[in-house]
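Me: Please help me to read the features of a structure, one at a time, giving the general idea before the case itself.

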Amino acid sequence: MKPFDDWERRSTQERDASLSDCLPELIRNAQSLQGNAARLADIDPASITGRAALASVPVLRKSELVSLQTPQAPLGGLSARGAGAYDLLFQSPGPIYEPGQTSEDWWRLGRFLHACGIGRGDVVQNCFGYHLTPAGHIFENGARAVGATVIPAGTGQTELQVQAAAHLGTTAYAGTPDYLKVILEKADEMGVSLGITKAAVSGGALFPALREAYAARGIVCLQCYATAELGNIAYESAAMDGMIVDEGVIVEIVTPGTGDVVPDGEVGEVVVTSLNPDYPLIRFATGDLSAVLPGQSPCGRTNMRIKGWMGRADQTTKIKGMFVRPEQVAVLVARHPEVQRVRVVVTRENDQDAMEVRMETTACTPDVFESSVADTLKVSGRLSLVEPGTLPRDGKVIEDLREYTT
């Protein structure tokens, strides 16, 4: 299959050179926006010429978007345009408000839909929601970028969905992974034959058994990883070997609660920098877990790959009535250069919460850390010192093992 554009097959050197050219200007423009004034004040844009330098920029957490947004600045002062200068405005839980444009491929979903084999001549039944949330518009915008026709079906009314798919000749489905199964089973029940052969899904887990069930019906189902704030982040190709990072973003995998990049292959939080000049989010922490997949996709696309969604990075846990957050664990590590890693393990003992703080260190006695743990985590617990390299590299800094029975 021909690539969507030449960017997909750039060499590492070409991609790095492109980032070196665009990153300083992106940072400079982001600094001029009110919502970034404090966070980016001490950053020299000229010094941010690649991924390594970008890692020095503080992360922006989703929770901060809520506090930044006011009636006077509904987009948190993070947008290069005023709210009224956009074609579309959306609301996500929080509330968090996001902008959108109807200009071609503004959310960059075209690249994913092209990888799905969707293009001119296809009729896409778009079963993502259109009400307040952006998913429906995001996928419609991408479908138009590849020349496909769109049925803005939205969610629900399954019998009408079947009728529309049959009468209008739907060839491709866009929506959550499981809703296509509902439509297909309703069509079986109605004795209606559908011509869907392609499915572009997101917004939920695509389990192997479900993908195989679609394949048995002659439907190739691929998934992408996208968010309301960032648009497309990564996507599958026909190779189905990891998710390829989109060319319009920079993805880093960091230790939860920090901005520290982890080694390739290690699970951590997904942090994304959007190269969109309208809404340039710099090192936005998504709260999702993933890991870098080494090597290049067999399909010939050359950008970095990730393993896909692997859980949530927000491991905030209430222990003995107090919330302990990944950021607090990160502070604890930063206070002690001799400590490489910390994992807080929560259990129940005698019907009460119990906390064990496991530290990777070459130190011999836990006594020197006791006051620091109590001061940082605000909760007391046992300390265990373990050899460096002992703790799992699964992205967890707080592990809740409590089981509740009724």
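Me: Which element gives the largest share of the lining of the second largest pocket?

Reply: Rolling a probe the size of a water molecule over the atoms shows where empty space is left. Here α1 contributes the largest share of that lining, with six residues. A pocket is an open set of points on a 1 Å grid over the protein atoms alone, where a 1.4 Å probe fits, with protein on both sides within 12 Å along at least five of seven lines, and lining residues have an atom within 4 Å of a point. This is a predicted model, in which local features need pLDDT of at least 70 and side-chain atom pairs pLDDT 80 or more, while totals for chains, interfaces and linings use all residues. Residues are numbered from 1 along each chain as its sequence is written, and side-chain values use heavy atoms, without hydrogens and water.

Me: How many residues line the second largest pocket, and which lie nearest its centre?

Reply: The lining of this pocket has 31 residues, and Arg 15, Asp 16, Arg 51, Asn 303 and Met 304 are nearest the centre. Two or more lining residues come from each of α1 (12–31), α2 (51–54), β11 (249–254) and β14 (292–293), where helices (H or I, at least four residues) and strands (E, at least two) are DSSP runs numbered from the N terminus.

Me: In what order do the strands of the open sheet lie?

Reply: Strands of a sheet pair through backbone hydrogen bonds, either parallel or antiparallel. In this sheet the order is β1-β13-β12-β11, with mixed pairing (at least two DSSP bridges between two strands). Strands β12 (268–274) and β13 (284–290) run antiparallel, joined by four bridges, and Glu 269 stands opposite Leu 289 in β13. At the edges, β1 (60–61) and β11 each pair on one side only.
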